[in-house]
Amino acid sequence: MTEADKRTTLEVRAYRLGQQFRSYSHDPFIEWNHPMAKDLSKSFRMGAGQIQSQSSAA
């Protein structure tokens, strides 16, 4: 598994967590001290319906 595959897998998991916990208002990744925290936070919020992806907003 390449690094890109690992990143994509983590982002998809964060998105699915967002879908599963839509009523959970706190983003669990926002204060995470990790290089991917920003990307995971964005994926979580997209899954929760709090933000839209760039492609669907256009």
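Is Glu 3 buried or exposed? In this predicted model, Glu 3 is exposed, with a relative accessible area of 56%.

**View 1. Glu 3 pairs up with Lys 6.** The closest N and O atoms of this salt bridge are 3.6 Å apart. Both residues sit in helix α1, three residues apart, which puts about one helical turn between them. Lys 6 is partly exposed, at 38% relative accessible area.

**View 2. Helices α1 and α2 pack against each other.** Here α1 (residues 3-20) meets α2 (residues 37-47) at an angle of about 35°, and their axes are 6 Å apart. The crossing is right-handed. Among the residues making the contact are Leu 10, Ala 14 and Leu 17 of α1, plus Leu 40, Phe 44 and Met 46 of α2. Sorted by class, the contact has seven nonpolar, four polar and three charged residues.

**View 3. Asp 39 and Arg 7 form a salt bridge.** Their closest N and O atoms are 2.4 Å apart. This pair links distant parts of the chain, with Asp 39 in α2 and Arg 7 in α1, 32 residues apart. Asp 39 is partly exposed at 29% relative accessibility, and Arg 7 is partly exposed at 33%.

**View 4. Arg 45 reaches Asp 27 in another salt bridge.** The closest N and O atoms are 3.8 Å apart. Arg 45 lies in helix α2 and Asp 27 in the loop between α1 and α2, so the pair ties together parts 18 residues apart in sequence. Asp 27 is buried, at 7%, while Arg 45 counts as partly exposed, at 29%.

**View 5. Phe 29, Trp 32 and Phe 44 make one aromatic cluster.** Phe 29 and Phe 44 are both buried.

Conventions: Residues are numbered from 1 along each chain as its sequence is written. This is a predicted model: local features need pLDDT of at least 70, side-chain atom pairs count only at pLDDT 80 or more; totals for chains, interfaces and linings use all residues. Side-chain values use heavy atoms; hydrogens and water are left out. Axes are lines fitted to C-alpha atoms, for helices over the stretch in contact, and angles run from 0 to 180 degrees between N-to-C directions. Helices (H or I, at least four residues) and strands (E, at least two) are DSSP runs, numbered from the N terminus. A crossing is left-handed if the near helix is turned anticlockwise from the far one by less than a right angle, and right-handed if clockwise. Contact means heavy atoms within 4.5 Å. Ala, Val, Leu, Ile, Met, Phe, Trp, Tyr, Cys and Pro count as nonpolar, Asp, Glu, Lys and Arg as charged, and the others, Gly among them, as polar. Buried means under 20% relative accessible area, exposed over 50%, partly exposed in between (1.4 Å probe, protein chains only). Rings of Phe, Tyr and Trp (its six-membered ring) pair if their centres lie within 6.5 Å; planes under 30 degrees apart count as stacked, over 60 as edge-to-face and the rest as tilted. A salt bridge is a side-chain nitrogen of Lys or Arg within 4 Å of a carboxyl oxygen of Asp or Glu.
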